[in-house]
Amino acid sequence: MTTTVTVTRVPLIFSGHFPNNKNGCASQSTVNFLGSISNSNTSSASRSSFSSSVTATSRIRRAGFAVLASNSMAPSVVLVTGAGGRTGSIVYKKLKERSEQYVARGLVRTEESKEKIGGAEDVFVGDIRESESIVPAIQGIDSLIILTSAVPKMKPGFDPSKGRPEFYFEDGAFPEQVDWIGQKNQIDAAKAAGVKQIVLVGSMGGTNLNHPLNSLGNGNILVWKRKAEQYLADSGVPYTIIRAGGLQDKEGGVRELLVGKDDELLQTETRTIARADVAEVCIQALQYEEAQFKAFDLASKPEGTGTPANDFKALFSQVTARF
């Protein structure tokens, strides 16, 4: 008697959520296998043989799926706005260096700024105060890192012997227009595009209306930054708000990082941080769920004291504040 066993091959159906691990790749999934078996006069021996065959095939399929998953994992597309600035340019460069994990994009305000960071085709020129001009840069991205900020300028003719310098903001470039309207435009466009996470870099000091930064050019810059942060927190988009201490143009990766809330770090001697460290925290925030839906102050210990940061999951886990 001849025993016939027919196995119908069908595609695998993948379903489920693929959370990112620290390398930006999927760490787990739910896999549904669909198949059908036609069996005529199958003896117990044949069933045993078939079972062994299916087991072996399942192992191969599982191994094959693992290879498929790793090979088809596309890098995450990340847009850095304010990419021509001193901190934004560092973030953009770091993303470019990690091309196996990220496809970097930059947004700058002028052609001059674009050329300053290399002039690549992935750098867009747009005005965050005009919502339509930033849509092309945001379409198709996975994550957004906002590093735009109003910048006060010193009034000419300053004489150090006569006290402190005076500052002003150019017409159309006040904090209300840049740090509030401009950032709101970015958040709205990112939400409409289905962006998975927004990282927003602000400043410590926002709990104090009388903070000296608010008096620069009568711009109330921390007030408007805080308003944009609240808008992001209320948007429903997964977010990370980083309120950096005094920014320094120093080497990164050599200091112990500190997180806090409500400007508590301003009452200590550790109130500054290297721009390179802020840039690294921005990128690391994209890799850990522990960084999502959180807001924190960020500073560092002096170089040579403490342990340089390397466990960012633990760092983000210290944060409990949502705003």
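The residues that line the largest pocket divide into 19 nonpolar, 18 polar and 12 charged. Here Ala, Val, Leu, Ile, Met, Phe, Trp, Tyr, Cys and Pro count as nonpolar, Asp, Glu, Lys and Arg as charged, and the others, Gly among them, as polar. The model is predicted: local features need pLDDT of at least 70 and side-chain atom pairs pLDDT 80 or more, while totals for chains, interfaces and linings use all residues. Residues are numbered from 1 along each chain as its sequence is written, and side-chain values use heavy atoms, without hydrogens and water.

**Stop 1: the pocket**

Select Leu147, Thr148, Ser149, Ala150 and Val151, which of the 49 lining residues lie nearest the centre of the largest pocket. A pocket is an open set of points on a 1 Å grid over the protein atoms alone, where a 1.4 Å probe fits, with protein on both sides within 12 Å along at least five of seven lines; lining residues have an atom within 4 Å of a point. The space in the largest pocket is about 1,600 Å³, a volume being the space filled by probe spheres set on the points.

Next, colour the elements that give two or more residues to this lining: strands S6 (102-108), S11 (197-203) and S13 (246-248), and helices H3 (111-116) and H7 (221-233). Helices (H or I, at least four residues) and strands (E, at least two) are DSSP runs, numbered from the N terminus.

**Stop 2: H5 and H7**

H5 and H7 pack at about 15°, with axes 8 Å apart; axes are lines fitted to C-alpha atoms, for helices over the stretch in contact, and angles run from 0 to 180 degrees between N-to-C directions. That angle makes H5 roughly parallel to H7, since angles under 35 degrees count as roughly parallel, over 145 as roughly antiparallel, 65 to 115 as roughly perpendicular and the rest as oblique. Residues in the contact (heavy atoms within 4.5 Å) include Trp180 of H5 and Trp224 of H7. By class, eight are nonpolar, one polar and six charged.

**Stop 3: H4 and H5**

Ser131, Ile134 and Ile138 of H4 meet Asn185, Gln186, Ala189 and Ala190 of H5. This contact has four nonpolar, three polar and no charged residues.
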